[in-house]
Each structure stands twice: as C-alpha cells, then as structure tokens.
Amino acid sequence: MKKTTQRKKERSKYQRKFMTLLLVITLSFPVNVLQAKTTYSMSDTSLVLIKGNTKKIKLVNAPADAKINWSTSNKFAAAVDKGVVTALNYGTAKITATYKKKTYTCSVIIPDTSKKITPNVYSVSLVEGKNFQLTTVSANVVHYHSQNESIATVNEKGLIIGKNPGKTKIILKSNGASAECTVTVVADKSNVEPVKNGVSKRKTAIRRVTKKNNIRYERIVWAKNKEIRFKIANLDEGSIKKCVWYTSDKKVLARPKKIKGNKIAAEARTVESGRAKVIAKVTYKNGRVKEYSTRVYVSSPLINTKNLIVLGKNAGSWRLQYIAFSGLSKYSVVKWDTSSAPNIRTTSYRNKLAILGNTPSSGIIKAHVDGKTYKVKYTVLNPTFHKLTGYIVKGKSAKINIEGIGMVQPQYSGRSENIATVAQDGTVWGKGPGVTIVDAKIGNYSFGFRVEVAAKGMKKIIERADYIVNNWKYSQSKRMKDGFYDCSSLVWKGYKVYKEYQEKLGSRTQAYCAADLFDYLKGKNQIVYFGYLGYDYLKPGDLIFYGDYDSAVQYSTPGRTLNIYHVAMYAGNARVVEKGGQPINYNNLDHVVGIGRVIN
C-alpha cells in the first residue's frame with residue numbers, strides 16, 4: 001500500500017515538471033511565429049487610364065513604412081512613383097512592386113482615344129422590348145448599326161432596343177475607327193409562358209362559335225374587320241321566348257344580328273381594336289328576363305414580313321430571323337403551321353417564331369391568329385463568304401465575293417472611308433493605309449469583311465523582305481552583306497528597295513540595331529504605340545519592337561532602351577516578316593514594347 005502511494009507521488013511530481021517545462025517553452029516562443037503568415041497582393045491587377053491621368057495603387061497588407069521598390073516595364077507609356085501610376089502615352093506597361101524579394105504586378109493600358117472608339121460597355125444583356133443607352137468616347141462622330149436587326153436595333157444616338165431573343169453585335173464606326181458591342185437579348189417571361197384564356201364549359205354564358213356551330217370555350221378574341229358568331233352556351237333554346245342582342249361600343253363591335261333559325265345565336269362584325277361587351281337580353285317563356293354579357297377583345301394583327309430571307313449554317317450561330325406579330329390582344333394566340341417548311345428549325349413564342357435555316361430551300365409558313373390566316377414565303381440562302389486575303393495597295397481595288405445568294409444584292413457599307421470605300425457591287429478601293437471593316441447586309445443580317453490597305457510602295461517592300469527571309473541566311477556578324485540578314489537589317493533592306501522611304505527609316509548605309517532603330521523613330525515621333533496595339537490597328541509595314549523585361553541579359557544587350565532585343569515587320573493579314581517568316585506569335589505579345597510607323 002505504501003509502495004503504491006509512493007508511485008503516485010512520484011508520477012504527480014514528474015507531471016508537474018513536464019507542465020512547467022511546456023509552459024516555459026510556450027511563453028518563450030516568438031508571438032509572430034504563432035500568428036498566421038501575412039499575405040500581400042496588388043490592390044489593382046489591371047488598369048485602363050486615359051492619357052494624362054493618374055491612379056494610386058498599393059500593396060495590400062504592407063506596412064505604411066514598408067520599403068517597396070516600384071518599377072515600370074515601359075517608361076514611355078506609364079510611370080510610377082510610390083505607387084502613383086501616370087499615363088504618359090498610348091500603350092501598355094506592367095507596373096511591378098517588389099517587397100521582401102517577391103514581386104507583384106499590375107497591367108496598365110492607355111488606349112488611343114484620338115483614333116479609337118471607346119464605348120461605355122463592350123457587352124450588354126437586356127430583355128426584349130427594353131432598351132440600353134450606348135455611349136462612346138471618341139474624337140470623331142460615331143455612327144451605329146446592328147449586325148442583326150431581328151435581334152436588336154440601334155438609332156443614330158446609340159439607343160439599343162431588344163427586339164427578339166438572341167445575340168448580335170452593335171457596330172460603332174467613325175471616319176477613322178470602329179468598335180463592337182455584343183448584345184444578348186433574353187425573352188420576356190410573358191412571351192414564353194402560355195396564354196391563359198380558357199373559360200368554364202358549365203357556365204351559362206355567351207361564347208364564340210365556328211361556322212360549323214362548334215362552341216369555343218375560350219376568351220373571345222377576334223381580329224378587326226371580320227365577322228364573328230356568338231351563342232349562349234348551356235341554355236335550353238326551347239325555354240326562350242325571345243333574345244335581343246346589343247353591343248357596349250359600336251366603334252369596336254357592331255350590333256349583333258340574329259342568325260336565322262336560332263333564337264340564342266347572332267353574328268356581328270368587329271370594327272376597330274379595343275374591348276367591348278356583347279350583350280344578350282333573354283326573355284324566358286315563364287316571363288323571367290335575364291341579361292348575359294361577355295367581353296370581346298378585338299385585335300389589330302400586323303405581321304412584320306410576308307417574304308423572308310433565312311440564312312443557312314455558313315452565316316454562323318447568330319443568324320436567327322423572326323416572324324413576329326404586333327397589335328395583338330393579351331389573350332391572342334398564334335398557331336404556327338410549318339408543315340410546308342422544309343430545312344428550317346423553329347422555336348415558337350407567344351407572338352413570334354424564331355427561324356434557323358439549314359440548306360438552301362424555300363417554302364411557306366402559315367400563322368393563324370384571331371380568325372385570320374397569314375402566309376409567309378421564305379427562302380433559305382447558305383452563302384459562302386470569300387474573305388479578302390492579304391492587303392489592298394492604296395489606289396488599287398479588290399472585290400468581295402459572296403456565293404450562294406442567287407439574285408439577292410447585298411448592301412455594302414464601309415466603317416472607315418478614309419481607309420477604304422466600297423461600291424454596291426462589292427468593289428473595295430484603298431484610300432489610305434490602315435485596317436477597316438466593310439459590312440455586307442443580306443436581309444436583316446450583316447457580315448464584316450476585314451480590309452487592310454497598304455501605303456504606296458509597301459507591297460514592294462514587304463515582297464523584298466519576304467524574299468530575303470526565304471532565300472538568304474541569318475547572321476548577325478554578316479548582317480550588312482548581301483545574302484545575309486538579321487532582324488533589324490532585314491527591315492532596313494526591305495525598306496531600301498523603295499528609295500522614297502529609306503531616309504525616313506534611318507541611315508542610307510547602315511542598319512541600326514533594333515533598340516537604336518526604336519530610339520531613332522521615337523525621336524521622329526514615329527512610335528505610335530508603346531506596347532502591343534493589336535493587329536487590327538497595325539498597318540502593313542509597321543515595325544513591332546520586342547523587349548524582354550525579366551531576362552534581358554539572355555536576349556539583348558543590358559541597358560538598351562526597354563531592353564529591346566528584336567524587331568519584326570508587319571506584313572498584313574496577321575503575318576509578320578522575320579527570321580523564317582511566320583504569323584504573329586501570340587505567346588510573346590507581352591514582350592512587345594512599341595509599334596513604329598514609318599509611313600502614316
């Protein structure tokens with residue numbers, strides 16, 4: 001017993017020592033180790049700044065007195081000082097904050113508002129029948145049109161109206177630029193849910209009857225200027241002495257006249273759209289008199305087309321067309337008959353029919369509404385669009401070719417007439433260097449054709465550069481000798497073939513290296529964008545300069561302007577002329593530090 005007690009005392013003694021030691025360790029452990037690790041992030045990861053504006057960004061969770069190293073990848077486009085970013089010139093830059101040996105970045109875009117159209121939104125969704133005001137920032141007057149007027153329309157002030165469910169684009173254009181806004185129109189719930197217009201079959205009341213004397217147990221809805229028949233349902237004609245018919249409004253419904261051989265039936269003519277009551281005053285044989293009345297809804301149906309051009313698969317998924325009615329009553333029901341309509345797909349709504357064409361065909365779609373039948377002839381066209389390849393030289397022309405549209409004549413319009421104009425036969429004339437879109441409208445749908453126009457002599461320059469990269473050898477040491485080239489001497493040798501431009505590019509005898517060429521053009525205000533402009537804004541012959549922000553030593557000579565290591569010539573149609581000759585490489589666009597324009 002004594003041994004057991006002794007063991008308990010010793011165990012308790014060791015436990016107290018262990019707890020004391022644990023407490024000492026806990027109290028001596030640094031408090032900041034026990035706390036959660038602080039995470040840092042940039043307050044803004046992307047910015048769009050108008051030239052001349054500033055924006056303060058910061059490193060979230062960094063102490064107020066933290067020593068943060070701020071830097072910009074493109075000192076000509078955007079500067080940064082203690083987190084304050086200043087937009088200097090049109091272009092792009094990457095702002096970097098370095099703290100505790102880690103970097104945090106923010107991408108900055110300074111759009112060229114003098115030559116571009118900047119809308120308040122690039123996409124918008126609205127319910128059919130609703131509108132949205134599109135506004136723009138532009139130095140020039142902006143004009144608007146809808147790619148698919150069946151889906152949405154737009155007026156001259158940019159007011160968009162959703163017409164039918166689907167997607168389309170609103171095209172914004174001026175003399176010098178264009179932009180697009182995608183519009184998604186969703187169906188109004190009232191146009192999707194079925195109309196509830198049924199009535200009781202047991203109640204004694206006035207109902208509409210067909211010419212075959214069949215009673216219709218539904219609200220009475222009829223088109224204007226049509227004959228309509230009425231009958232008192234669930235009433236024993238043998239118990240009737242007489243029945244006198246009236247109307248509450250002769251401007252909507254003429255006074256009904258009795259139908260011979262039937263005491264409780266009458267017919268009348270609808271006059272104008274509106275509501276009126278048809279009234280029957282019944283005198284029973286037992287002398288009791290009772291009045292029955294039912295409301296009549298008179299509609300004024302108006303169909304939007306009787307001949308419809310429907311486009312096939314080649315026109316894309318946004319090609320929806322619609323047959324639609326206006327002037328209907330809230331209880332009107334449209335019944336569509338597409339049994340004579342091959343090679344189309346349809347979706348019906350309360351007052352409209354969405355149509356997608358497939359293969360070329362024609363047919364008739366019937367619509368029955370409020371006692372009237374409408375026939376719509378349709379033709380499915382499946383056009384083949386032949387895009388303009390390459391570019392047009394200023395003063396020369398090319399023709400847009402659209403096959404599969406029969407005798408239909410597209411309506412052509414250009415978005416930037418100082419770049420290209422278009423005749424109604426599809427002939428496009430180059431007016432000045434640049435990129436624009438020519439729209440071809442077939443029915444209610446427009447198609448855009450990208451047009452590039454090259455300056456005088458540029459075709460010869462690009463062809464010479466193409467010849468060099470395909471036939472000569474790449475060598476930096478022999479770059480100025482015949483039969484050899486590097487990136488910058490390739491540009492120089494290409495432009496040399498057209499002597500009128502040689503002085504504008506630099507020395508007559510020696511090609512600058514890429515970075516020095518950038519400096520030369522900058523001194524002549526011929527760097528039009530400090531960053532990547534996007535190939536829709538490049539002109540054939542433009543020079544694309546690349547700089548490596550992170551590993552300059554690997555690619556270029558440290559200390560050169562923006563660490564520029566490469567230059568390529570834009571050859572039109574999303575192609576560049578450089579070593580090997582290839583399309584624009586979208587994997588290294590972050591390295592583009594400037595666009596040089598030798599010829600405006």
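The model is predicted.

**Stop 1: helix 7**

Select residues 514–523, which make up helix 7. Its buried residues are Ala514, Ala515, Leu517, Phe518, Tyr520 and Leu521. Then step past the end of the helix. Asparagine 525 follows helix 7, and its phi is positive, near 60°.

**Stop 2: rings around the helix**

**Stop 3: aromatic pairs**

How many aromatic pairs are there? The count comes to 15. Take phenylalanine 230 and tryptophan 245 as one of them. This pair is stacked, at 6.5 Å centre to centre with 25° between the planes. Phenylalanine 230 sits in strand 22 (residues 227–233) and tryptophan 245 in strand 23 (residues 240–247), so the pair ties together parts 15 residues apart in sequence. Both phenylalanine 230 and tryptophan 245 are buried.

Next, select tyrosine 512 and tyrosine 520. Their pair is tilted, with 5.3 Å between centres and 35° between the planes. Tyrosine 520 is among the buried residues of helix 7. Tyrosine 512 counts as partly exposed because its relative accessibility is 31%, and partly exposed spans the range between under 20% (buried) and over 50% (exposed).

**Stop 4: charges over rings**

Select lysine 51 and tyrosine 90. The charged end of lysine 51 sits over the tyrosine 90 ring, 4.9 Å from its centre. Then go to arginine 288 and tyrosine 284. Here the charged end of arginine 288 lies over the ring of tyrosine 284, 4.3 Å from the ring centre.

**Stop 5: strand 11**

Select residues 123–127 and show side chains. Which side chains of strand 11 point to the buried face? Val124 and Leu126 do.

Strand 11 and strand 18 pair in the parallel sense, over five bridges. For leucine 126, the bridge partner in strand 18 is valine 185.

**Stop 6: serine 362**

Finish in strand 34 (residues 361–369), where serine 362 is found. Serine 362 and lysine 377 are 15 residues apart in sequence, and their C-alpha atoms are 7.4 Å apart in space. What does serine 362 contact, leaving aside neighbours within four places in sequence? Pro342, Tyr378 and Thr379.

Notes:
Residues numbered from 1 in each chain as written. Predicted model: local features only at pLDDT ≥ 70, side-chain atom pairs only at ≥ 80, totals over all residues. Heavy atoms only, no water. Buried < 20%, exposed > 50% of the residue type's maximum accessible area, 1.4 Å probe, protein only. Helix = DSSP H or I, 4+ residues; strand = E, 2+ residues; numbered from the N terminus. Phe/Tyr/Trp six-rings, centres within 6.5 Å; stacked < 30°, edge-to-face > 60°. Lys NZ or Arg CZ within 6 Å of the ring centre and 35° of its normal. Pairing = 2+ DSSP bridges. Contact = heavy atoms within 4.5 Å.
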